[in-house]
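Here is a short briefing to read alongside the model. Please keep the structure open as you go through the points.

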Amino acid sequence: MSALIQYPTNKQDESYVVPANTSAIRIDAFYNCNNLVEVTLQKGITNIEAGVFYDCDNLKTITIPDTVTSIGNYVFYGSNALETIHYKGERAQWEALIDGV
């Protein structure tokens with residue numbers, strides 16, 4: 001398995017699917033990626049570190065798989081356009097994940 005360390009901030013794509021062989025998304029990996037509107041995390045990712053989507057001004061939708069067991073603080077800080085989080089697990093799992101985030 002691998003980790004996503006940094007998504008290119010100047011990339012023009014509006015959507016991105018994190019590769020299936022990714023197990024973690026590192027701190028600030030999508031920091032200030034203002035072209036992104038939608039991000040899909042595939043099954044297998046277990047760790048979303050702090051500030052991953054910090055200041056993604058146009059991010060509206062994200063899909064998070066039920067394999068995620070840890071979400072860091074301030075993960076969506078400054079992503080004020082965020083409208084929808086699709087979580088693929090149970091409500092109790094989600095509530096446990098975001099407790100204290």
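This is a predicted model: local features need pLDDT of at least 70, side-chain atom pairs count only at pLDDT 80 or more; totals for chains, interfaces and linings use all residues.

Residues are numbered from 1 along each chain as its sequence is written, and side-chain values use heavy atoms, with hydrogens and water left out.

**Strands and how they pair**

- A word on terms to begin with: strands (E, at least two residues) are DSSP runs, numbered from the N terminus, and two of them pair if DSSP finds at least two bridges between them.
- Strand β1, residues 2-4, pairs with strand β3, residues 22-25, in the parallel sense over three bridges.

**The four-stranded sheet**

- Four strands form an open sheet in the order β2-β4-β6-β8, with parallel pairing. Its edge strands are β2 (15-18) and β8 (84-87), each of which pairs on one side only.
- From one strand to the next, the twist averages 10 degrees; the axes behind such angles are lines fitted to C-alpha atoms, and angles run from 0 to 180 degrees between N-to-C directions.
- Strand β6, residues 61-64, runs parallel to β8 and is joined to it by four bridges. Within this pairing, Thr 63 has His 86 in β8 as its bridge partner.

**Salt bridges**

- The structure holds four salt bridges, each being a side-chain nitrogen of Lys or Arg within 4 Å of a carboxyl oxygen of Asp or Glu. For the accessibility values that follow, buried means under 20% relative accessible area, exposed over 50%, and partly exposed in between (1.4 Å probe, protein chains only).
- One of the salt bridges joins Lys 11 and Asp 13, whose closest N and O atoms are 3.7 Å apart. Lys 11 counts as partly exposed because its relative accessibility is 33%, and Asp 13 is likewise partly exposed, at 35%.
- Another links the side chains of Glu 49 and Arg 26, at 2.7 Å from N to O. Glu 49 lies in the loop between β5 and β6 and Arg 26 in the loop between β3 and β4 (38-41), so this pair ties together parts that are 23 residues apart in sequence. Glu 49 counts as buried because its relative accessibility is 18%, whereas Arg 26 is partly exposed at 33%.
- Asp 66 and Lys 43 also form a salt bridge, with their closest N and O atoms 2.5 Å apart. This pair links distant parts of the chain, 23 residues apart: Asp 66 is in the loop between β6 and β7 (70-71), and Lys 43 is in the loop between β4 and β5. Asp 66 is partly exposed, with a relative accessible area of 27%, while Lys 43 counts as exposed at 54%.

**Around Thr 67**

- Thr 67 is found in the loop between β6 and β7. With a relative accessible area of 22%, Thr 67 is partly exposed.
- Leaving aside residues up to four places away in sequence, Thr 67 touches Gln 42, Lys 43, Gly 44, Ile 45 and Thr 46; contact here means heavy atoms within 4.5 Å.
- The C-alpha atoms of Thr 67 and Ser 2 are separated by 15 Å, and the two residues are 65 residues apart along the chain.
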